[in-house]
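Welcome, and please load the model in your viewer.

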Amino acid sequence: MADLVIERPLGNNENFFRCRNAVGFYQNFAAIGTYSVDLSKQDKLVYAALRKLILDYHILICNVFRDEEKQNSIFRPIKNAKFGDIYKKEDGSVGGKEWHEAFIRRLCCDKLCSLYEELPLFCLILVGQSTLGAAFEHTPSDGVVAPQFHAIFLDNLAYCADPANHGEFEESYGTIPELITPDTVIFDSAVDLQYIRNSLPPPVEMIMEAKHLDYTHGDANHYSTTPPVGFPDK
């Protein structure tokens, strides 16, 4: 536990993302998945899979806070979260291009999360029985998390649904309550830091190209320097 990175300062680019969110330039990144099972009747399974997710990748249960002593901004786990803080269900018909476009726009453009609060920076919205939208606030994810979420969550659902894994799950992630409601606590930092085994990822600039490199890769017509054909009509 002593060697794990549980909290850390934001990197320069992460601070840039934080400021870009503050002025409303970006809100969230999102991805929609349609599952082959009726998730609307599987709250206990969804709870277990989601708890495994946030303990395996605890940046998902972090928010950004100001460290006044060091005069910087940090990622750290929030104090606690309820199931309903992350997972919401809605009734309604699902389907069609226009519906999906409106849903993805809502997930990306609505203010679904807030920095500097003791609340998660991502949320899941289940519409109907099996259409699950996942939205991730811009600062900690910057588009990296959303494409991977459904693949990982699907694996977690399969793992948690297998009775052979229940003993290992309880040892690694704790006991799941019998009755799950939106008010059921899914993360409590006073109790659950013991289950975190992976450090926070490094600042995003560690995986970005150096600023002095030619990001156009020699393309004289790169979109950052040349208007596209048909501009401004297209």
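In which sense do β1 and strand β4 pair, and over how many bridges? Select β1 together with residues 72–77, the residues of β4: the two strands pair in the antiparallel sense, over two bridges. Keep in mind throughout that this is a predicted model.

Zoom in on Arg8 and you will find Phe75 of β4 standing opposite. While you are here, show the side chain of Arg76, which lies over the face of Phe65 at 3.7 Å from the ring centre.

**The helix across the sheet**

**Aromatic pairs**

The structure holds 10 aromatic pairs. Begin with Phe16 and Phe17: their ring centres are 6.1 Å apart and their planes meet at 55°, so this pair is tilted.

Then pick Tyr47 and Phe83, whose ring centres lie 5.4 Å apart with planes at 70°, so the pair is edge-to-face. Tyr47 belongs to helix α2 and Phe83 to helix α3, so follow the chain between them: this pair links distant parts of it, 36 residues apart. Tyr47 is buried, with a relative accessible area of 2%, and Phe83 is buried too, at 3%.

For a cluster, select Tyr35, Phe122, Phe136, Phe149 and Phe153, which ring pairs link together.

**The largest core**

Stay with Phe149 and Phe153, which are among the residues with the most contacts inside the largest nonpolar core, a set of 42 residues. Helix α2 (43–56) is one of the elements that supply at least two residues, and α2 gives the most, with nine. Show the surroundings of Phe153: leaving out residues up to four places away in sequence, Phe153 touches Tyr35, Val46, Ala49, Leu50 and Leu132.

**A last stop in β8**

Finally, select Thr131 in strand β8. Thr131 counts as buried, at 4% relative accessibility. Beyond its neighbours within four places in sequence, Thr131 has contacts that include Ile32, Val94, Trp99 and Phe103.

Note on methods
Residues are numbered from 1 along each chain as its sequence is written. This is a predicted model: local features need pLDDT of at least 70, side-chain atom pairs count only at pLDDT 80 or more; totals for chains, interfaces and linings use all residues. Side-chain values use heavy atoms; hydrogens and water are left out. A nonpolar core is a set of buried Ala, Val, Leu, Ile, Met, Phe, Trp, Tyr and Cys residues joined through side-chain atoms within 4.5 Å. Buried means under 20% relative accessible area, exposed over 50%, partly exposed in between (1.4 Å probe, protein chains only). Helices (H or I, at least four residues) and strands (E, at least two) are DSSP runs, numbered from the N terminus. Contact means heavy atoms within 4.5 Å. Two strands pair if DSSP finds at least two bridges between them. Rings of Phe, Tyr and Trp (its six-membered ring) pair if their centres lie within 6.5 Å; planes under 30 degrees apart count as stacked, over 60 as edge-to-face and the rest as tilted. A charge sits over a ring if NZ of Lys or CZ of Arg is within 6 Å of the ring centre and within 35 degrees of the ring normal.
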